[in-house]
Amino acid sequence: MHYIAMQQERLLKVLVIGDLGVGKTSIIKRYVHQIFSQHYRATIGVDFALKVLNWDQQTVVRLQLWDIAGQERYGNMTRVYYREAVGALVVFDMTRFSTFQAVLKWKGDLDAKVALCNGRPVPVVLLGNKCDQQRYGLCSKLPKLDTFSREQGFVGWYETSAKDDTNIEAAITCLVENIMSSS
Ligand code: GTP
Ligand code: MG
């Protein structure tokens, strides 16, 4: 007898948040289109990208990436943008300490405004981006990110570079794995 495997489709809304110019748009462009540009054009409001993943034999994941402008932290639209999100990437720029200090503000804003159906916080992965520029950076000033991310409730952290394509795929895969096992 033959059984036809039923494919299921999961639509996942994932937020990409963090301060101005940390590289959120660049990370998404790298992940979805394999391109990178040095040119900086600030995102206004929110942008969207979609990536379809053949997750396993039964599951197709439609990953909807919400690219939230850094300047939205000062606006009052985030509650609307965050609605029904099931995960997030919080990004900082390894060369600018102020963007690291903002990480907990973004995470706090997120946890205050969105949660899973069971009331638990949505999984969040921390990204220290522009690691290609580390030698100009502030590694010495950063706390140990292993401890920091665990204590602050991140499900993982990565040093990334959208420019050199370092750990972008790994970070997003880690997030999707967590989402798939938590919902
Ligand atoms: P907003 O939309 O204003 O919130 O900024 P954003 O977080 O989307 O930043 P964006 O991706 O536009 O990148 C800002 C600048 O940083 C651009 O000039 C990018 O080329 C540069 N950039 C982004 N990622 C990297 C990286 O991994 N390495 C280096 N060297 N530059 C990067
Ligand atoms: Mg942007």
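Modeller: An oxygen atom of ligand 1 sits 2.7 Å from a polar backbone atom of G70. Keep in mind that this is a predicted model.

Biologist: OK. What is 2.7 Å from a polar backbone atom of Q38?

Modeller: An oxygen atom of ligand 1.

Biologist: And which atom of ligand 1 does D132 approach with its side chain?

Modeller: A nitrogen atom; a polar side-chain atom of D132 lies 2.7 Å from it.

Biologist: How much of ligand 1 does the protein bury?

Modeller: 94% of the 660 Å² that ligand 1 exposes when taken alone.

Biologist: How many residues surround it?

Modeller: 24 residues surround ligand 1. The closest are K24, S26, S37, Q38 and Y40.

Biologist: Switching to helices. How do α1 and α6 pack?

Modeller: Helix α1 covers residues 24–33 and helix α6 covers residues 168–182. Their axes are 10 Å apart, at an angle of about 90 degrees.

Biologist: Which residues make the contact?

Modeller: From α1, I27, R30 and Y31; from α6, I168, E169 and I172.

Biologist: And by class?

Modeller: Four nonpolar, two charged and no polar residues.

How values were computed. Residues are numbered from 1 along each chain as its sequence is written. Chains are lettered from A and ligands numbered from 1 in the order in which they are written. This is a predicted model: local features need pLDDT of at least 70, side-chain atom pairs count only at pLDDT 80 or more; totals for chains, interfaces and linings use all residues. Side-chain values use heavy atoms; hydrogens and water are left out. Axes are lines fitted to C-alpha atoms, for helices over the stretch in contact, and angles run from 0 to 180 degrees between N-to-C directions. Helices (H or I, at least four residues) and strands (E, at least two) are DSSP runs, numbered from the N terminus. Contact means heavy atoms within 4.5 Å. Ala, Val, Leu, Ile, Met, Phe, Trp, Tyr, Cys and Pro count as nonpolar, Asp, Glu, Lys and Arg as charged, and the others, Gly among them, as polar. A residue is near a molecule or strand if one of its heavy atoms lies within 4 Å of it. A polar contact is a pair of N or O atoms within 3.5 Å; within protein, one must be able to donate a hydrogen and the other to accept it, and residues adjacent in sequence count only if both atoms are side-chain atoms. Accessible areas come from the Shrake-Rupley method with a 1.4 Å probe; for residues, only the protein chains shown count as cover.
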